Amino acid sequence: MKVLGISGSYRKDGIVDSAIGQVLAGSASRGAQVEMVRLADIDMAYCRNCRVCAADQGPAPGPCVHEDDIAPLLDRCLEADLLVLGSPVNFGRVTALTKTFWERMAVMVRWPEDKWIPRIRDGIGNRRAVVLTSSTAPPLLSRLSGVTASNELQQMARLLGARRVDRFHLGMVALDNDHTLDQRHRRRAFKLGALSVDGSHLRRKALLARATLDLGGLPTVARGMVGGKF
């Protein structure tokens, strides 16, 4: 089994990076082949919205006019059985870094000039995904922004062929420069990675239910928890 983690955080080894790393470590403990990519470390150009890629009608991702690191990364996404996508929440959305990667996923759809809407290519496949978001916002804002960013990551996962997506959000994190992912959260992220490889859906659901946080009396809208340090 192949598991690929992708971090849209600007801060190396912050909470998002650490949480993804723990999920991958849990998967590796069950024999999975794991890999992590930080979007901040790769060569990634902006999408031109030229639709050259979308005009190609084949099952594989369409050709992009850019020659950078995105095409090989998307190939690795399609080779993975489980994707772990993470981003801090900036201004209620995923980071601009994550959004840039999302826009480059235009190659995953077919959109002929005579059609009104695009369609995901037939050859994208069937895999699972975990999406991780975090926010420093107070409870109500964290609740609202966490849903928006999680939805954005879920849309990315769907474009990459994920049929089932588990969503996690942790609010009120990174309140100081020394904030790190604590041991309790590390254990839960590790266990999630292990259970995702084991395929134990009921045990994973129980873990997510126990991980749900209460932020100042307001429950988080996502089903679990993971952090993100900007």
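This section describes the fold, the nonpolar cores and several individual residues of a predicted model. Local features were considered only at pLDDT of at least 70 and side-chain atom pairs only at pLDDT 80 or more, whereas totals for chains, interfaces and linings use all residues. Residues are numbered from 1 along each chain as its sequence is written, and side-chain values use heavy atoms, with hydrogens and water left out.

The chain has seven helices and 10 strands, taken as DSSP runs (H or I of at least four residues for helices, E of at least two for strands) and numbered from the N terminus. Of its 230 residues, 50% are buried. Buried denotes a relative accessible area under 20%, exposed over 50%, and partly exposed the range in between, with a 1.4 Å probe and protein chains only. Contact denotes heavy atoms within 4.5 Å. Among contacts between residues at least 6 apart in sequence, 78% join residues at least 24 apart.

A nonpolar core is a set of buried Ala, Val, Leu, Ile, Met, Phe, Trp, Tyr and Cys residues joined through side-chain atoms within 4.5 Å. The largest such core holds 34 residues, of which F101 and M105 touch the most other members. At least two residues of this core come from each of β1 (2–7), α3 (70–79), β3 (82–90), α4 (96–103), β7, α5 (139–159) and β8 (162–170). Leaving aside neighbours within four places in sequence, F101 is in contact with I6, L39, M44, I70, L73, L74 and M156. A second, separate core comprises 17 residues, including I15, V16, A189 and L192.

In α3, the buried residues are I70, L73, L74, C77 and L78. They lie on the same side of α3, because they cover an arc of only 140° around the axis, the arc being that of the directions from the helix axis to the C-beta atoms. Elements covering these buried residues include β1, β2, β3, α4 and β7.

R127 is found in strand β7 (residues 127–134). R127 is buried yet has no salt bridge, and the nearest side chain of opposite charge, D81, is 6.6 Å away. A salt bridge requires a side-chain nitrogen of Lys or Arg within 4 Å of a carboxyl oxygen of Asp or Glu; for charge, Lys and Arg count as positive and Asp and Glu as negative, while His and the chain ends are not counted. The side chain of R127 does reach two backbone oxygens, that of C77 at 3.3 Å and that of L78 at 2.6 Å. Beyond four places in sequence, the contacts of R127 include E79, A80, L83, L160 and G161.

A polar atom of its side chain lies 3.2 Å from the backbone oxygen of S9. Apart from neighbours within four places in sequence, R38 is in contact with S7, S9, Y10, R11, K12 and D17.

Two loop residues complete the description. R51, in the loop between β2 and α2 (52–55), has a relative accessibility of 24% and so counts as partly exposed. Its C-alpha atom is separated by 9.9 Å from that of V109, 58 residues apart along the chain. Not counting residues up to four places away, R51 touches W111, P112 and E113. T180 occupies the loop between β8 and α6 (183–198) and is exposed, with a relative accessible area of 53%. T180 and S18 are 162 residues apart in sequence and 8.3 Å apart in space, C-alpha to C-alpha.

Definitions and conventions:
Polar contact = N/O pair within 3.5 Å; in protein donor to acceptor, adjacent residues only side chain to side chain.
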